[in-house]
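Reader: Can you walk me through this one? I'd like the packing and the chain contact.

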Amino acid sequence: MSQLTLNTQWAGTSSRREWLCRSGAGFGSMALQTMLGDEVVAEATQPLAPKQPHFVPQAKHVIHIFLNGGPSHVDTFDPKPELTKYGGRPLPMANLRTERPTGVGLASPFKFKRYGESGLEVSELFSKTAKFADEMCIIRSMHADVPNHEPSLLLMNCGEARLVRPSVGAWMTYGLGTENQNLPAFIAMCPGGYPIQESQNWQAGFLPGVYQGTHVDTQHTEIEKLIENIRNQRVTTAQQGDQLELLRELNRRHQEQRPTDAKLEARIQSFELAFRMQREAAEAFDVSREPQYTLDLYGAGTQARQILIARRLVERGVRYIQVWHGAGQPWDSHDDLEKNHRRLAGQCDQAIAALLSDLKQRGLLDETLVMWGGEFGRTPTVELPKKGANQGRINGRDHNNHGFTVWLAGGGVQGGLAYGATDDFGFRAEENRVHVHDLHATLLHLMGFDHERFTYRYAGRDFRLTDVHGRVVRDLIA
Amino acid sequence: MISMRHLRWGFCQIAVGALLTCLLLAPLTKAAPTDFSQEEIDFFESKIRPALIKHCYVCHSSRADEIQGELRLDSQAGWQAGGVSGTVIVPGRPEKSLFIAAIRHTAGVANMPPKQKLPAAVVEDFEAWVRLGAPDPRTASTAHPNNDLGEDVASTHWAFQPPQVTPVPSMPGQTWSTTDLDRYVLSRLEGKGVQPAEIADRATLMRRLYFDLVGLPPTFEAIQDFVGNDAPDAYLQLVNTLLESPQFGERWARHWMDVARFADTRGYVFTAERKYTDAFKYRDWLIQAFNADLPYDRFLKLQMAADRLVEATDAEQLAAMGFLTLGRRFLNNMHDIIDDRIDVVTRGTMALTVSCSRCHDHKYDPIPTADYYALYGVFASSHEPNNAPAPLRLVDAQVVNVGVFVRGNPGNRGAAVPRRFLSLLAGPKATPFRDGSGRLEMAEAIVNPQNPLTARVLVNRVWGHLFGAGLVTTPSDFGVRSDAPAQPEALDYLALQFVQEGWSVKQLIRRIVLSSVYRQRSDEGSPAQQIDPENRFFWRMNRRRKDFEAMRDGILAVAGNLDKTIGGPSVNIVGKDYAPRRTLYGFIDRQNLPGIFRTFDFAGPDTHAPKRHETTVPQQALFLLNSPFAMQQAEVLGNRVKTPDDMTTIDNLYRAVLGRSPDAAERQLAGAFLDKARARDARPSIPQSPWKFGYGGLNEEENGIREFAELPYWNGEAWQGGEKIPDPKLGWLNLRAAGGHPGAGPTRAAIRRWTAYCEGEIVIQGALVHSEKRGDGVRGRIVSSRHGVLGDWSVHDRRQVTAVTRLRVEVGDTIDFVVDSRASTDYDSHLWKVDISGHFHGVRRTWNSQKGFHGPLPPQLQPVVRLAQVLLLSNEFQFVD
């Protein structure tokens with residue numbers, strides 16, 4: 001039984017009617033409206049029906065671009081001139097403890113430049129994205145708890161490093177529902193398979209399974225490989241339409257004897273939704289329907305395709321979208337950082353810039369929160385050779401949970417802002433520290449929730465995404 | 001047996017029957033005497049309590065907004081547990097007490113109160129009090145631990161009191177009730193002014209009983225037999241038959257697997273072995289236990305301490321301990337593994353949320369943190385032996401008592417807590433466990449008939465499975481925040497009977513399903529709907545949607561396809577290569593649980609699942625419409641019942657799927673569907689794929705293809721002339737995703753054919769590649785059925801772009817990509833990838849020859865099969881009245 005502690009009413013009478021019209025379900029919905037109370041139907045038929053949060057939200061959708069493995073902040077969005085001075089020399093501070101031993105300072109091989117009216121400094125790796133500096137709110141004082149992938153991924157995604165807890169996207173869809181019932185509400189795109197910690201990153205935890213993220217392997221382009229059971233090769237659409245027509249009639253006759261059971265009506269409607277979903281999902285994931293200039297804007301390759309898909313999904317009302325860079329931990333540059341980071345950024349910089357530009361142009365950026373980051377950052381010091389752990393090239397960086405960067409854009413955040421700061425070398429967040437729990441509290445706030453009141457009763461406790469932590473960082477909000 | 005030193009139930013261990021009488025008669029003796037002298041108490045009350053209230057409670061009591069430093073000074077237990085800084089008061093030793101240092105404003109410690117130092121006299125009083133041994137009656141006068149809010153819920157909350165026997169209400173002049181259970185329920189209903197529903201008809205009862213007891217639908221013939229059985233005990237016979245059928249154990253084992261958060265994998269591991277290869281042995285033990293009606297107390301004891309109850313070589317019984325050992329492994333973090341075990345034991349068997357007390361005293365229930373670590377010690381004193389013939393077992397290890405982890409932090413430990421049972425149930429001075437780890441003693445305390453929770457919790461779970469809702473709505477939380485049972489007399493009656501009848505689960509189920517309450521109709525329409533719309537009082541049966549297992553098993557069963565093998569290693573039940581076994585045998589990967597399980601609200605296998613969620617989403621419909629499973633079962637079913645006569649076929653289908661014959665209107669509807677389906681199939685329609693793979697020749701005069709035949713053999717990667725290549729007739733001729741090889745002679749060209757299924761304008765892009773110096777290359781042509789040859793290229797050891805611009809196509813037009821040999825037929829392997837793209841009614845589409853390449857397509861579903869699928873999709877099949 002869902003213990004919804006927020007308003008489960010529909011967004012308003014007009015939108016309910018609108019939904020019933022849009023769902024166009026013929027007899028089913030009509031009969032339903034007359035026979036049952038509206039809320040009963042909403043609860044029973046639509047676990048994902050749009051819901052009102054605690055207060056008017058600034059953002060309606062989230063696109064989380066997840067650079068899994070841990071992008072280096074000192075090579076991307078957190079310039080450190082002092083580190084350049086100490087390149088090849090021991091830092092004048094003790095190296096903080098990370099996963100593996102690190103040595104002398106490793107100056108960033110990338111050039112930084114100021115962008116936009118705000119003059120935010122960004123490295124050449126993201127020079128295209130940086131053109132939107134005035135839209136970006138760069139949090140340079142992020143910190144997490146431990147320098148290991150597994151717990152840090154879970155912390156970033158679920159607010160808890162070890163135990164089974166719902167992911168941010170699951171919380172969001174539980175609290176807000178979704179605007180398009182013909183598509184999954186929460187989609188996690190990851191080309192080539194799973195990241196580390198796998199589907200736990202988008203788990204529903206103790207929430208109903210319907211709130212779990214739907215994993216889509218964007219290495220594929222055929223719709224039947226993207227979404228399970230979305231296509232039927234053995235009946236045509238017309239043949240299936242005939243089947244559903246008969247089904248509707250049989251169910252109507254069955255329902256005549258049981259006229260007030262919302263569960264029966266819910267199931268009748270689910271077939272109508274499924275029928276439309278087959279078409280709509282195929283369209284949503286098919287980027288070849290985009291005009292050539294849009295395809296050119298995003299560029300070539302898998303990253304471009306999945307980031308473009310993210311925009312198509314937002315446009316269609318999908319609530320929460322994660323775009324993972326790839327299976328495993330691609331950004332984990334323990335060796336050859338320069339080469340690897342250049343390659344990886346080259347795969348996504350243009351597409352991220354295109355996404356921001358495209359959303360802005362379509363008027364969607366205001367209501368879409370774009371978030372960029374990994375599970376942690378990387379050390380300013382060079383990782384020392386360690387057998388079995390790295391290739392011993394002495395040109396990479398270790399994991400760094402003490403300080404790193406996440407940036408936000410759109411969705412009601414303050415653009416052109418660099419918030420907080422790490423120390424002179426980028427090792428530890430020093431000024432205006434933002435813990436992952438604080439980031440979550442702020443995300444929930446932007447989506448219309450008081451993170452302390454947004455709870456779910458399970459196993460005797462009222463659980464929160466932020467557990468007993470988190471504070472809203474007001475300075476990030478426009 | 002341990003003795004439960006619960007003062008209110010202060011009597012010794014006696015036979016069960018007598019004990020129950022005793023439970024009724026034993027007065028609730030109140031409170032132990034205090035351990036302090038009256039003078040000491042007076043000192044506390046006059047000096048210490050007022051000072052604490054005045055100066056400390058604002059930050060260190062339940063009235064604080066946030067308890068500072070996790071330290072509570074509003075109960076003895078509070079300061080005894082200490083705060084983030086550890087122990088603050090050492091009775092008798094003011095100089096060792098951080099509390100005293102703080103109020104003295106000693107340098108180096110946090111000064112308390114922070115702003116203003118206490119008057120010197122008050123500080124002296126506190127010092128004197130600590131020197132006296134810190135006498136504090138605030139908990140010493142209470143027999144039970146209070147909850148975190150200071151309330152004595154242990155003696156007031158219903159679930160913590162022994163089950164009560166209520167005299168059976170006499171119900172003169174009514175005929176509805178047939179059992180004592182009914183009379184308890186009916187009495188409550190009458191009190192609410194609610195009439196119970198009528199008894200359901202026999203066919204409905206039969207479907208209901210099959211669903212509840214064995215999880216499978218009855219056959220048409222079995223329903224007919226039952227409906228026509230005039231014997232007065234026909235219903236009882238049916239109940240007994242189902243209880244004795246081996247499928248009973250399968251159905252009820254699966255229910256317990258939800259409790260036990262069963263899975264076949266450990267959860268996330270980086271590179272280590274992920275599977276629990278022996279998990280199925282626990283599942284099979286459960287099936288066997290339910291079928292044998294193993295008494296529930298023994299059932300629980302074996303699951304927690306089989307190592308102490310059976311021979312070390314009895315691998316079959318030792319598998320019972322999978323209950324403890326098959327949880328998630330949390331990357332081998334021992335604290336989390338033990339937490340999971342404490343949780344599955346306490347919520348699973350007693351509906352107590354003990355895990356809440358891992359970091360602080362339970363906020364609502366009387367479960368102090370010390371209790372958690374008392375149980376923690378039990379599990380920390382047990383280990384899993386390696387390489388044992390009984391892989392799922394735990395055995396006792398080096399005994400350890402564990403200190404409270406302050407705020408759950410293993411690096412900050414308080415004083416060691418002896419291993420013992422929960423103080424709520426065993427009393428504040430529970431005897432420490434002495435027998436090894438104490439696991440057996442813990443299990444015995446759980447199944448002790450004096451335990452007010454265990455029997456009620458099981459009864460409530462069984463009721464929940466039989467009615468679709470429990471008497472208590474939170475089956476795994478009977479704490480103070482749970483709603484009291486709507487029918488408390490019924491719950492207590494069943495719980496007491498259950499224990500009295502030797503903890504027989506089968507007898508409990510029999511007792512419930514024989515009642516009128518269970519046999520009611522499920523209609524909502526009566527006036528009672530207005531009074532109790534949620535049916536909390538059970539004035540009708542709840543209509544239930546089949547759970548995932550009953551849904552899938554039911555489809556397999558009515559299709560005639562179910563493999564009824566019982567037990568054995570888990571099998572794959574998802575995707576194309578699924579086993580037609582019952583769903584409980586499906587392999588459960590808790591880390592990446594396949595979508596189908598989640599879609600159908602399967603219990604999350606990560607932690608103990610109190611009950612299943614029930615959602616209705618289109619992905620469920622998509623599975624039933626489009627999955628290989630759904631279509632294959634419909635196909636088996638349709639083909640099995642098909643006859644030359646439509647009406648006979650329709651009758652057969654209804655009987656097979658719904659267990660009844662169709663009425664005239666239903667026959668007519670189904671007949672019309674078949675007629676329409678056949679008519680539709682006779683018309684041309686959008687093909688499954690626009691591509692065909694064949695061979696033929698070009699008619700130069702007519703500027704078109706002379707003949708086209710599809711290649712007859714598919715080897716898994718390529719279409720070719722036969723199993724062996726070269727084929728006697730077609731030679732090396734083959735087509736594969738990216739290219740192919742032509743055959744010899746003018747009628748053996750390799751032809752990849754695309755057919756337009758709607759009109760529009762297309763362009764063709766691509767390249768023909770031949771990469772071999774030897775031979776003389778190949779010739780490629782693009783030929784339209786409407787416009788003739790559109791392009792003609794020869795390539796030899798080079799790449800040639802093959803483009804066609806702006807071409808109009810009509811429905812049914814073909815575009816052929818024809819490759820033949822030139823003078824030489826050797827070394828003619830080539831690549832030819834093309835994109836056909838264009839606008840069709842304003843929608844841009846592209847067909848890529850490589851992506852569109854495919855082997856034989858699955859055959860279309862025949863009309864009868866499509867009709868069979870509709871019946872499988874119907875609400876009538878998927879719901880149980």
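**Helix packing and chain contact**

Author: Helix 20 of chain B and helix 22 of chain B cross in a right-handed way. Right-handed means the near helix is turned clockwise from the far one by less than a right angle, and left-handed means anticlockwise. Helices (H or I, at least four residues) and strands (E, at least two) are DSSP runs numbered from the N terminus. This is a predicted model, where local features need pLDDT of at least 70, side-chain atom pairs count only at pLDDT 80 or more, and totals for chains, interfaces and linings use all residues. Residues are numbered from 1 along each chain as its sequence is written, with chains lettered from A and ligands numbered from 1 in the order in which they are written.

Reader: At what angle do helix 20 and helix 22 of chain B cross?

Author: Roughly 50 degrees, with the axes coming within 11 Å. Axes are lines fitted to C-alpha atoms, for helices over the stretch in contact, and angles run from 0 to 180 degrees between N-to-C directions. The two helices are therefore oblique to each other. Under 35 degrees counts as roughly parallel, over 145 as roughly antiparallel, 65 to 115 as roughly perpendicular and the rest as oblique.

Reader: Which residues of helix 20 of chain B make the contact?

Author: B:Val459, B:Val462, B:Trp463 and B:Leu466. Helix 22 of chain B brings B:Val505, B:Leu508, B:Ile509, B:Ile512 and B:Val513. Contact means C-beta atoms, placed from the backbone, within 7 Å. By class, that contact has 9 nonpolar, no polar and no charged residues. Ala, Val, Leu, Ile, Met, Phe, Trp, Tyr, Cys and Pro count as nonpolar, Asp, Glu, Lys and Arg as charged, and the others, Gly among them, as polar.

Reader: And helix 7 with helix 21 of chain B, at what angle?

Author: Roughly 160 degrees, and the axes come within 8 Å. Helix 7 and helix 21 of chain B are therefore roughly antiparallel. B:Asp180, B:Leu181, B:Tyr184 and B:Val185 of helix 7 meet B:Glu489, B:Ala490, B:Tyr493 and B:Leu494 of helix 21. That contact has 6 nonpolar, no polar and 2 charged residues.

Reader: New topic. How many residues does each chain give to the contact between A and B?

Author: Chain A gives 54 and chain B gives 65. On the side of chain A, helix 8 has the largest share, 11 residues. The residues on that side divide into 20 nonpolar, 19 polar and 15 charged.

Reader: How many helices and strands in chain A?

Author: 13 helices and 18 strands. The C-alpha atoms of chain A fill a box of roughly 80 × 50 × 45 Å along the principal axes.

Note on methods:
Two residues are in contact if their C-beta atoms, placed from the backbone, lie within 7 Å.
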